[in-house]
Amino acid sequence: MLNIKIALRNIFRNGTRTILTMFSIIVGMVAIIIVNGFINYSMWGLRESMIRSGIGHFQLYKKGYLEREEDVAFEYLINNYKSLLKEIYKSAEVSFVAPEISFNGVISSGEKSTIIIGKGGLKEEEEKLNSFGEVVEGAFFEDDEFTVMIGEGVAKKLKAKIGDTLTLMSPMKGGGLNAIDVVVKGIIRMQIAE
């Protein structure tokens with residue numbers, strides 16, 4: 001009891017020092033709380049923008065895909081993906097699966113060309129997977145094999161607009177190159193420009 005009396009007497013003996021000490025503690029706590037909130041929100045934003053900008057929570061590959069050489073990439077396609085999808089959907093935690101194929105190629109407007117990294121997928125699943133992407137013009141692509149969405153940077157570089165026909169050239173599974181004409185249905189801006 002004597003210690004408590006001495007402590008209370010010491011607190012009230014010098015009021016200015018006590019107020020300054022309390023003020024320092026309060027400012028420090030407020031700063032820690034604000035910085036902690038900023039860091040947590042930044043990490044949440046980074047995580048969600050990666051997940052919802054086309055990467056997803058998990059990616060499944062055929063064994064050896066990540067160690068492959070570029071010229072044999074098609075050897076690592078998952079041939080029985082529909083049976084794999086059935087197995088994955090048995091899990092209650094899975095809300096959707098977006099099968100897709102990535103490829104490199106060249107896209108041309110006739111006057112200008114640029115190198116691209118493309119992805120092919122199903123409309124409904126791709127729309128969910130890219131939920132942080134903002135469709136700047138047009139609409140999300142249709143389930144038509146000759147329609148595409150292009151990034152805002154590619155659209156500027158090619159001066160492409162909705163309805164324009166572009167030529168897409170990419171390697172084929174058996175080797176060689178193939179080119180098809182595609183119609184631009186949408187221009188998208190992603191959270192992470194790269």
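Me: Which residues in helix 2 are buried?
Reply: In this predicted model, E48, S49, I51, S53 and G54 of helix 2 are buried. Buried means under 20% relative accessible area.

Me: What do the buried residues of helix 2 pack against?
Reply: They pack against strand 1 (100–108), strand 2 (113–121) and helix 4 (123–129).

Me: How do you know that the length of helix 2 agrees with its number of residues?
Reply: Helix 2 runs over residues 15–55, which makes 41 residues. At 1.5 Å a residue, helix 2 should span 60 Å. Its end C-alpha atoms are 58 Å apart, so the two values agree.

Me: What comes just after helix 2?
Reply: G56 does, with a positive phi of about 85°.

Me: Why is I32 called exposed?
Reply: I32 lies in helix 2. Its relative accessible area is 56%. Exposed means over 50%, so I32 is exposed.

Me: Which nonpolar patch is on the surface?
Reply: M22, I25, I26, M29, V30, I32, I33 and I34 form it. Together they have about 800 Å² of accessible area.

Me: How many aromatic pairs are there?
Reply: The count comes to one. The rings of Y41 and W44 have their centres 5.6 Å apart, and rings pair if their centres lie within 6.5 Å.

Me: Why is the pair of Y41 and W44 called stacked?
Reply: Their planes are at 25°. Planes under 30 degrees apart count as stacked, so this pair is stacked.

Me: Why are Y41 and W44 separated by about one helical turn?
Reply: Because they are three residues apart in helix 2.

Me: What makes W44 partly exposed?
Reply: Its relative accessible area is 37%. That lies between the cut-offs of 20% and 50%, so W44 is partly exposed.

Methods. Residues numbered from 1 in each chain as written. Predicted model: local features only at pLDDT ≥ 70, side-chain atom pairs only at ≥ 80, totals over all residues. Heavy atoms only, no water. Helix = DSSP H or I, 4+ residues; strand = E, 2+ residues; numbered from the N terminus. Expected span 1.5 Å × (residues − 1). Buried < 20%, exposed > 50% of the residue type's maximum accessible area, 1.4 Å probe, protein only. Contact = heavy atoms within 4.5 Å. Patch = residues over 30% accessible without salt bridge, like charges linked within 9 Å, V, L, I, M, F, W, Y side chains within 5 Å. Areas by Shrake-Rupley, 256 points an atom, 1.4 Å probe, with all protein chains shown as cover. Salt bridge = Lys/Arg side-chain N within 4 Å of Asp/Glu carboxyl O. Phe/Tyr/Trp six-rings, centres within 6.5 Å; stacked < 30°, edge-to-face > 60°.
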